Every structure is written in C-alpha cells, then in structure tokens.
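Subject: The structure we talked about

Hi there,

Here is the structure I promised to pass on to you. Have it open while you read, and my notes on it follow below.

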Amino acid sequence: MGILKLKNTLRDICRKQDEIITPIFRFVWSLIVFMSVQKMFGYNSLANKPEVNILLAVLAALLPDGFMFFMVGVISALHSFSVSIEVGAVFIVLFTIIYCVYIRFFPKYTYAVMLVPVFYVLNIPFAAPIIIALIAGLSGLVPAVCGAAFYYFTKCAAEVYRLLATEDPENEIEAIKQITTVFVGNKEMYTVMIIFAITIGVTAVLAKFSYPFAMYIAIVAGTIMNIIGSIIAGAIVGQDVDVNLVLIGSIVGIVLALIVRFGQGMLDYKHTQRVQFEDDDYYYYVKAVPKIDSEKAKKPGVKSDSKNESKNDSGREAVKNEPVRN
C-alpha cells in the first residue's frame, strides 16, 4: 500500500503538471533515441555533434511523434551517405517503406519502431517484444519487425564502411555485395523477426483474455515463448541464436513488463463484479475488475464488493467506459 500511495502521488503530480512533465519525458526519450542512432552509425561529423542531438530532442519534445521519426530518418540518411552513395540509396528505400507503413497503419507506435534499436544498443534486444506486446498489443508486431530491419541495416553499413576504409579493390567488390544482399539471405535478421513475432503474438493474445491474472500469465508466457521461439526460429532459418542474450533479455523484459503493469494499475480480482443489462438492440454482459487504489480506501460499514448494486447504475457506468457486446 505504501508503494501504491507513492505511485498515486506521482500520478497526481504528473496530471497536475502535465504541460511540463510530458515534454520533459519526451525530451529524455528523444535524446536517448538520437544518441542510439549516433551510436549505431557515427559516420557523419555534423550528425555526431552533441548539440545537434540536444536540439533535435528539444524539437521532438514539443512537436508530434512523426517529427522525431522523420528526423531519425534524416540523421540516419546523413550517416548512410557518408559511408557511400549506394548505402544511402538503400537506406532511403528502406526508410520510405518503414515510414509509409508507419504512417498508414501504426501512427501511434513510433516508439515501437525505435525501441528495438535502442534495446540493441543497451544489449538487451529480446526484452523489447515483451514490452511492445504489453503496451501496443498485436499492433506493435509490424513496428517491432521494422525496428529490427533498421538495426540490421546499421550492421550492414558498419561492415561496408570497414571494407571501404581499406581502399582495396577486392574489399570494394565485397562491399558492393554486402549492399546488394543487405536483406537477402540475412538469416540472423529473419531469426530475430520470427522470435519477435512469436513473442508479441502469444503475449498480446493472452493479455486480451478476461480470466484472473491474465496480464501476468501473458507476461510469463511471452517470456517463455521468447526463449522457445529462439529455438524454433533457429531451426526454421538455420541460424544459431545467442542463448545468453535471449535469457538476459527475457529476464529484463519480464521485470520491465511488471513495472509497466504496476504503473498501469494493479487489479483487485477479489472484488470482481459481473453485471448484465439490455437496451433496444443488445443484451450486455459486463465483467468489471476494479483497480487497487490506496486513495479509495474502504469506508467503515460500506461493502465495496457488494453484488446487489443496481444493475441499471452499473450498466450505465459500464457503457460509459467500454461495453462488451455479445
């Protein structure tokens, strides 16, 4: 209860100071993203300047999410063209595809695209699918896969840069081969994509069920599938996966997922209520699970779990939130 009280206090502060705190969080996240891009590329002297990253993070904190995503593409393009014109051209095609998919289908999940590369920089990539599934659900699958493609392009750019730095004709030929086959035959990338798809799919589907502790079961099942998925994907693609990296990422993922779940609200399954009501067109069955809230302490003499409340009042409250139609 002490932790819940602290959480509620922080929540109230964030609500009252939303105009200040939200831009601060957005600035910190944007700065982490731009610094991660610099870490993955780092070939352009202008884009490597800290003041450029700070300025872009400030603008991203004040402007819509699409601005940050677009500037990530601009900065990455500068780095790519600094490696070679061919690498830059390939990146433009890749980013255009990702951007079109993002704008058309998943405009709310920019963070899912960039969370994967950021977690790769932190060396915990397999924590990403569990977090993305918990927050975005199945809608986070495509952005997560796009994030993996973005990261593996940076690995290809690094290899091309290394080959071209020697000024050896044979290495230049090998660099061109690397560019032309950046996404063809990249077994490691496809293995990671399959793992992400399996983990996000299982976690998101289980989290949607209404049985008690569904969220926590989904987190545990997603963690298990993250590990099993690495074996399945490795067998399908024929690519070995670093088991230690998967285990560490899975453990970090489950810890972060529980923290996220706690922030979203702990559910009080002991006081679950079921109500039913009807209107002219539908008959409604509603299952309501209250959130544990230290500020809403039970008053003496009042039963908070009463099941004899007015069905009409309960029905109107359920409809106001999100009715379940059957």
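One definition first: a residue is called buried under 20% relative accessible area, exposed over 50%, and partly exposed in between. Please also keep in mind that this is a predicted model.

You will find L63 in the loop between α3 and α4, where α4 covers residues 65–83. L63 also belongs to a nonpolar surface patch of about 510 Å², made together with I54, L55, V58, L59 and L62.

Another patch on the surface carries negative charge, and its members are E278, D279, D280 and D281. Of these, E278 sits in strand β1, which spans residues 273–278. Is E278 buried or exposed? Its relative accessible area is 55%, so E278 is exposed.

Now to charged pairs. Side chains of opposite charge can pair when their charged atoms come close. How many salt bridges does a search of the whole structure find? The search finds two.

One of them joins K155 and E188, with the closest N and O atoms 3.5 Å apart. K155 lies in helix α8 (residues 141–164) and E188 in helix α10 (residues 187–207), so this pair ties together parts that are 33 residues apart in sequence. K155 is partly exposed, with a relative accessible area of 35%, and E188 is partly exposed with a value of 35%.

The other salt bridge is between E159 and R162, whose closest N and O atoms are 2.4 Å apart. These two residues are three apart in helix α8, which means that about one helical turn separates them. E159 is partly exposed at 25% relative accessibility, and R162 is partly exposed at 47%.

Next, some loops that I would like you to look at. N44 is in the loop between α2 (18–40) and α3 (50–62). With a relative accessible area of 14%, N44 is buried. What does the side chain of N44 reach? It reaches the backbone nitrogen of A47, at 3.0 Å.

N123 belongs to the loop between α6 (110–121) and α7 (128–136). Most residues other than glycine have a negative phi. The phi of N123, however, is positive, near 65°.

F183 is in the loop between α9 (169–180) and α10, and F183 is partly exposed, at 21% relative accessibility. Along the chain F183 and F153 are 30 residues apart, and their C-alpha atoms are separated by 8.0 Å.

Finally, D242 is in the loop between α11 (214–237) and α12 (243–264). D242 is partly exposed, with a relative accessible area of 45%. S230 is twelve residues from D242 along the chain, and 8.7 Å separates the C-alpha atoms of the two.

Happy exploring, and write back with any questions!

Best wishes

Conventions
Residues are numbered from 1 along each chain as its sequence is written. This is a predicted model: local features need pLDDT of at least 70, side-chain atom pairs count only at pLDDT 80 or more; totals for chains, interfaces and linings use all residues. Side-chain values use heavy atoms; hydrogens and water are left out. Patches are made of residues with over 30% relative accessible area and no salt bridge: like charges are joined within 9 Å, nonpolar side chains (Val, Leu, Ile, Met, Phe, Trp, Tyr) within 5 Å. Accessible areas come from the Shrake-Rupley method with a 1.4 Å probe; for residues, only the protein chains shown count as cover. A salt bridge is a side-chain nitrogen of Lys or Arg within 4 Å of a carboxyl oxygen of Asp or Glu. Lys and Arg count as positive and Asp and Glu as negative; His and the chain ends are not counted. The place of a charge is taken as NZ of Lys, CZ of Arg, CG of Asp or CD of Glu. Helices (H or I, at least four residues) and strands (E, at least two) are DSSP runs, numbered from the N terminus. Buried means under 20% relative accessible area, exposed over 50%, partly exposed in between (1.4 Å probe, protein chains only). A polar contact is a pair of N or O atoms within 3.5 Å; within protein, one must be able to donate a hydrogen and the other to accept it, and residues adjacent in sequence count only if both atoms are side-chain atoms.
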